Amino acid sequence: AGEVLYKIFEKEKKQITLEMANCLYVSILTDTGCFKYETVTSETFAIVSNLLKLGVNSSEIAQKCYEQKQKAMIMLQAHCVSNAKFECDDKIAYTTVKNSDMQKFGAKDEHTEGICEVLRSLKPVEFAFVVKETGTNALKVSMRSKEKDVTQIVKKFGGGGHSRAAGCSIKKPLDEAIECILSEVKKYL
């Protein structure tokens with residue numbers, strides 16, 4: 001999104017202020033996973049270079065984005081990761097975020113960001129997913145993979161996203177939803 005906006009501003013000859021440049025940089029930094037995803041191109045770095053020339057402090061932004069987390073977030077994420085389940089010789093990792101977990105740690109929705117990435121980062125894991133309660137029999141699923149296209153899985157539940165990061169919403173009891181998701185994921189191993 002940051003790259004798209006940058007190109008629009010450039011095409012329209014809009015002056016990019018430092019505040020705008022900072023926002024664009026945050027968007028590009030986070031959307032590219034700190035420049036590690038395959039969607040990063042030389043054009044990405046050219047845009048970032050131009051943003052740095054406008055005064056963006058990349059070190060400060062990285063610190064604010066990745067090194068200043070709230071206690072509620074760390075505690076919730078530690079709880080969810082420690083309760084992760086593994087299937088198929090640890091190629092699949094998943095966990096849940098229950099409403100009671102959110103209340104226990106005083107967590108907000110944004111505090112769940114990153115849990116799926118932590119599970120995916122485990123060496124044998126090929127697929128990771130997090131199932132979060134959003135209401136009675138209402139669930140939000142976030143799915144990640146290292147190499148497979150997870151959009152093919154979440155499409156079956158009406159979802160979408162990017163090839164390595166996608167999601168969907170499911171209206172089923174938690175245990176039933178997990179079984180449905182696992183069944184689909186196993187088809188892609």
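Let's start where E3, Y6 and K7 in α1 meet E43, T44, I47, N50 and L51 in α3, contact meaning heavy atoms within 4.5 Å. By class, that contact has 3 nonpolar, 2 polar and 3 charged residues; Ala, Val, Leu, Ile, Met, Phe, Trp, Tyr, Cys and Pro count as nonpolar, Asp, Glu, Lys and Arg as charged, and the others, Gly among them, as polar.

A quick word on the source: this is a predicted model, where local features need pLDDT of at least 70 and side-chain atom pairs count only at pLDDT 80 or more, while totals for chains, interfaces and linings use all residues. Residues are numbered from 1 along each chain as its sequence is written, and side-chain values use heavy atoms, leaving out hydrogens and water.

Back to our helices (DSSP runs of H or I, at least four residues, numbered from the N terminus). The axes of α1, residues 2-11, and α3, residues 42-53, come within 11 Å and cross at roughly 65°; axes are lines fitted to C-alpha atoms over the stretch in contact, with angles from 0 to 180 degrees between N-to-C directions. That makes α1 roughly perpendicular to α3, a label covering 65 to 115 degrees.

Now for a second pair, friends. Helix α2 (residues 18-31) and helix α4 (residues 58-66) pack at about 60°, their axes 11 Å apart.

Notes. Helices (H or I, at least four residues) and strands (E, at least two) are DSSP runs, numbered from the N terminus. Angles under 35 degrees count as roughly parallel, over 145 as roughly antiparallel, 65 to 115 as roughly perpendicular and the rest as oblique.
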